[in-house]
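Here is a short walk through one protein chain. Keep the sequence and the 3D view side by side as you read.

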Amino acid sequence: MAGAVGVHVISTQLPVAFISAMKQRGSAIRCAANTPNKRYNIAVLPGDGVGNEVIPVAVDALRLAGSLEGLDLRFEELPIGGVALDLVGVPLPEETLTKAKNSDAVLLGAVGWPKWDNNPKHLKPITALLQLRAGLEVFSNLRPITVFPQLVDSTFLRKDTAEGVDLMIIRELTGGIYNAHPRGFTTNEQGDEVGFCTESYSATEVDRIARVAFDIAKQRRSKLCSVDKATVLEGSMLWRKRVTSMALEYPEVEVSHLLIDTAAMDLVRHPRQFDTILTGVMFGDILSDLAAMIPGSVGLLPSAALGDSGPGIFEPVHGSAPKHYGKDTVNPLAAVLSAAMLFRYGLKEESAARRIEIAVSDVLDRGFRTRDIHTPGTALVGCKRMGEEILRSLDARVSTSNGSGV
């Protein structure tokens, strides 16, 4: 990998958009609700495309919510993906990885751009994401799927099917067919070119992701569904065996098993039956994208990638979205909700996470919508305006709870 790259520390002052908005409406700018007593370093990797539009909104939300909770957040922006390829010729510079490892959490935008589609695999932007996951040793991917009551008319399902959906997909990240070996290309006896991958899971890999899922299920509604293809795949047979065995340690959690094809059908037909879904890397990739259509837009979906220790990676799931880049039309809510997950799972700051989530709900209550979730009778706004409204809602919540402020 290349050596030093240009980085810069983002100011920890209140965001310019927030200050401007407050001046426009004649409000006093509030100081922190508490004197800062905790300091965190956040590595900010906007990456490619719309990552550069939504991540600044998420950073502003983190900064303001953190300030209101007495948290001192320091942000350092670093290159990754196509941006890094342009700068230094590799998708994940050494300095980016090193500083990400030394951070308390990583906020990632997106990687990928058509310019790099024909590059060899090691020089594709997506390789940076795989290398970052490996470097930070994250193995569990948390993908919450929630239908906001304000957005039930935006769902792709029937309204009565989608109402009340609140589930968590927990996807294993580092094993399975995406990562196991051997893999590659060869030629068979008939002279045909063959591409092959290996579907493989070890007991250790299954056990560590299963424990994450059981622990999260306990914190939710104590209902866990493990998804596999145990009728065909040996890796899935072991998966089911290990999950069944671990269930004995969690008698309070109701455990069920579904084959991937049945799970896909049920996720569309009756999504409210699910609370916590545990599955492998490929099935989780498919199910989480399928489930994205339940709330109505990938622009609403955050994610977290966690390991046993060290910083996690928090990112919206929508990718770099070249068609939307530069048009101020992308929805920043997935990135903002990823910021909430960063507080909750990365920094263990639940109050700050709730501040952001309440602000998002308040913005939706006030009728603001980006293009992907716009319905008649609501106010169509762009990415920047939606970000300003989120900051207004964060401030308004302080006004309500603290009277005249602090």
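What pLDDT does the chain average, and what share of the residues score at least 70? This is a predicted model, and its chain averages a pLDDT of 90. A score of at least 70 is reached by 89% of the residues.

Over residues 1-33, pLDDT stays under 50. The model still has 79 contacts beyond four places in sequence for that stretch. Residues 400-406 also stay under 50. For them the model has 7 such contacts, beyond four places in sequence. Where pLDDT is low, the predicted coordinates should not be read in detail.

Now take the whole chain. Its secondary structure comes to 14 helices and 15 strands. Of its 406 residues, 53% are buried. Look next at contacts between residues at least 6 apart in sequence. Of these, 77% join residues at least 24 apart. The chain exposes about 17,600 Å², and 52% of that area is supplied by carbon and sulfur atoms.

Turn to one helix, α8. It covers residues 203-219, which makes 17 residues. From first C-alpha to last, α8 reaches 24 Å. That is close to the 24 Å expected at 1.5 Å a residue.

Which residues of α8 are buried? They are E205, V206, D207, I209, A210, V212, A213, F214, I216 and A217. An α-helix has 3.6 residues a turn, so residues three or four places apart point the same way. What covers the buried residues of α8? The cover includes the strands β5 (138-146), β6 (166-172), β9 (223-228), β10 (254-259) and β11 (276-279). Helix α9 (234-246) is also part of that cover.

Next, find D72 in strand β3, which spans residues 71-77. Is D72 buried or exposed? D72 counts as buried because its relative accessibility is 15%, and the cut-off for buried is under 20%. The side chain of D72 makes a polar contact with the side chain of R74, at 2.9 Å.

Finish at R385, in helix α14 (residues 383-402). R385 has 37% relative accessibility, so it counts as partly exposed. Which residues does R385 contact, leaving aside its neighbours within four places in sequence? They are F368 and R392.

Definitions and conventions
Residues are numbered from 1 along each chain as its sequence is written. This is a predicted model: local features need pLDDT of at least 70, side-chain atom pairs count only at pLDDT 80 or more; totals for chains, interfaces and linings use all residues. Side-chain values use heavy atoms; hydrogens and water are left out. Helices (H or I, at least four residues) and strands (E, at least two) are DSSP runs, numbered from the N terminus. The expected span of a helix is 1.5 Å times one less than its number of residues. Buried means under 20% relative accessible area, exposed over 50%, partly exposed in between (1.4 Å probe, protein chains only). Contact means heavy atoms within 4.5 Å. pLDDT is the predictor's confidence in each residue, from 0 to 100. Accessible areas come from the Shrake-Rupley method with a 1.4 Å probe; for residues, only the protein chains shown count as cover. A polar contact is a pair of N or O atoms within 3.5 Å; within protein, one must be able to donate a hydrogen and the other to accept it, and residues adjacent in sequence count only if both atoms are side-chain atoms.
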